[in-house]
Amino acid sequence: MQTRDLSSHSPYVPGRGIEEVARDLGLDPDELIKLSSNENPHGSSPKASAVVIDATETTGLHVYPKASHTDLTTAIAGRWDVADEQVWLTPGADGAIDLLSRAFLEPSDVILESDPGFAYYSMSARYHHGTARTYDLSKADGFAQTAELVLDTYDGERIVYLTTPHNPTGSEFSREAIETVAAGVDEHTLIVIDEAYGEYSERPSSIELVDSYENIAVLRTFSKAYGLAGLRIGYAIVPSAWADAYARVNTPFAANELACQAALAALEDHAHVDRSIETARWAREYMRENLDAKTWDSAGNFVLADVGDAETVAGRSQERGVIIRDCTSFGLPECVRISCGTEAETRTAVDTLNKVLSEVSAQS
Ligand code: PMP
């Protein structure tokens, strides 16, 4: 027995977990600071946590998620002033990428994505018998994201992904650039604007464009600013013209009961989200000002830094208790990505990294 040919599929490489690293290094997990997966250093909203504990006893875990899915959909629709049908609830933004692949890709269709960029767009395309091409962000240009860059590379692909803020660089598309791309592609091309880090940006969401363009969908997640990465809940906002496709491509009950209830509570916990955003904005500026390495402006909850040899620097930083992301798997073997921690975690991370950097440069 064999699977189909999966040789072109590469596995997703996640940031390493605290327990995993602690076990390897023989350390107590509490001694480690994990800044490798762009998680929320303040954890989940206390209101969301309370709802999860309560839901196990009240609603119970034995029922399929139905009312909770409807309630969350309505709350998100209200938040963005769109119709309920335009909200596609999914297990994480990753789930929304899959549903859009299912709804749009025929075998051999092609998607266009950035390089470097988020790995799951092309993974999902391949799962759905498609392939991927890339538009290349230039390090020399500060990984600038422009309409020209996308449209010069564009060759009729079925889906074009725009990640803003961009992972792992933190750069953004302007509103004007997004509209230029949306107006510049063929009629059959869907523009997916991935705003997984949208809350940390100062720019308005492209959800405002969804009702004016039938070819724009926007992804959002509860994994980052809302601190619910472990529950896997996110969504796409799509134009009403084809919003009904959701019912035809959705995995039954994919957004689970606890996730839907927790997300609803998190959405209403403004104090937690505001604090999360404020800390991330402080931390990215602090890193930009104090890291002894070249960094780039970031609109996300992380900063990319050029450290020369990412594997060595990330490895030594980890030995000293600070886990950061070696960006070799993004095609940037000279860069690390450091997520924004709490104020104390960020200060410790910068001190640690600066020590590692001076140690490594003294040895070379
Ligand atoms: N898009 C981007 C750019 C991301 O970095 C991530 C997660 N790291 C996601 C989407 C998916 O997030 P999730 O599935 O946790 O919502």
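Colleague: Which residue stands opposite L162 in β6?

Modeller: L162 stands opposite I193 there. Before we go on, this is a predicted model, so local features need pLDDT of at least 70 and side-chain atom pairs count only at pLDDT 80 or more, while totals for chains, interfaces and linings use all residues. Residues are numbered from 1 along each chain as its sequence is written, and side-chain values use heavy atoms, with hydrogens and water left out.

Colleague: How many bridges join β5 to β6?

Modeller: Five bridges join strand β5 (residues 159-163) to strand β6 (residues 190-194), and the two run parallel. Strands here are DSSP runs of E with at least two residues, helices are runs of H or I with at least four, and both are numbered from the N terminus. Two strands are said to pair if DSSP finds at least two bridges between them.

Colleague: And what is the strand order in the sheet they belong to?

Modeller: The order is β2-β8-β7-β6-β5-β3-β4, an open sheet of seven strands with mixed pairing. β2 (87-90) and β4 (131-136) stand at the edges with a single partner strand each, so one side of each is left without a neighbour in the sheet. Neighbouring strands of this sheet are turned by 25 degrees against each other on average, direction ignored, where the axes are lines fitted to C-alpha atoms (for helices over the stretch in contact) and angles in general run from 0 to 180 degrees between N-to-C directions.

Colleague: Is β7 buried or exposed?

Modeller: Six of the six residues of β7 are buried, so this strand is largely enclosed by the rest of the structure. Buried means under 20% relative accessible area, exposed means over 50%, and partly exposed is in between, using a 1.4 Å probe and protein chains only. In a regular strand the side chains alternate between the two faces of the sheet. In β7, I216, V218 and R220 lie on one side and A217, L219 and T221 on the other, and all of them are buried.

Colleague: Which strands does β7 pair with?

Modeller: β6 and β7 pair in the parallel sense over four bridges, and the bridge partner of I193 in β7 is V218. β7 and strand β8 (residues 234-237) pair in the antiparallel sense, also over four bridges, with Y235 in β8 as the bridge partner of R220.

Colleague: R220 again! What does R220 form a salt bridge with?

Modeller: R220 forms a salt bridge with E199, with the closest N and O atoms 3.1 Å apart. E199 lies in the loop between β6 and β7 and R220 in strand β7, so the pair ties together parts that are 21 residues apart in sequence. A salt bridge means a side-chain nitrogen of Lys or Arg within 4 Å of a carboxyl oxygen of Asp or Glu. Both E199 and R220 are buried.

Colleague: How many salt bridges are there in the whole structure?

Modeller: A search of the whole structure finds 14. One of them joins R320 and E359, whose closest N and O atoms are 2.2 Å apart. R320 lies in the loop between α11 (310-319) and β11, and E359 in helix α12, so this pair ties together parts that are 39 residues apart in sequence. R320 is partly exposed at 40% relative accessibility, and E359 is partly exposed at 24%.

Colleague: Changing topic, where is R325 found?

Modeller: R325 is found in strand β11 (residues 322-326). R325 is buried yet has no salt bridge, and the nearest side chain of opposite charge, D326, is 7.0 Å away; for charge, Lys and Arg count as positive and Asp and Glu as negative, while His and the chain ends are not counted.

Colleague: So what does the side chain of R325 make a polar contact with?

Modeller: The partner is the side chain of S329, at 3.2 Å. A polar contact is a pair of N or O atoms within 3.5 Å; within protein, one must be able to donate a hydrogen and the other to accept it, and residues adjacent in sequence count only if both atoms are side-chain atoms.

Colleague: Which sheet is β11 part of, and what lies across it?

Modeller: β11 belongs to an open sheet of five strands in the order β1-β11-β12-β10-β9, with mixed pairing. Helix α12 (residues 343-363) lies across β1, β11 and β12 (335-339), running at about 85 degrees to β1. Contact, by the way, means heavy atoms within 4.5 Å.
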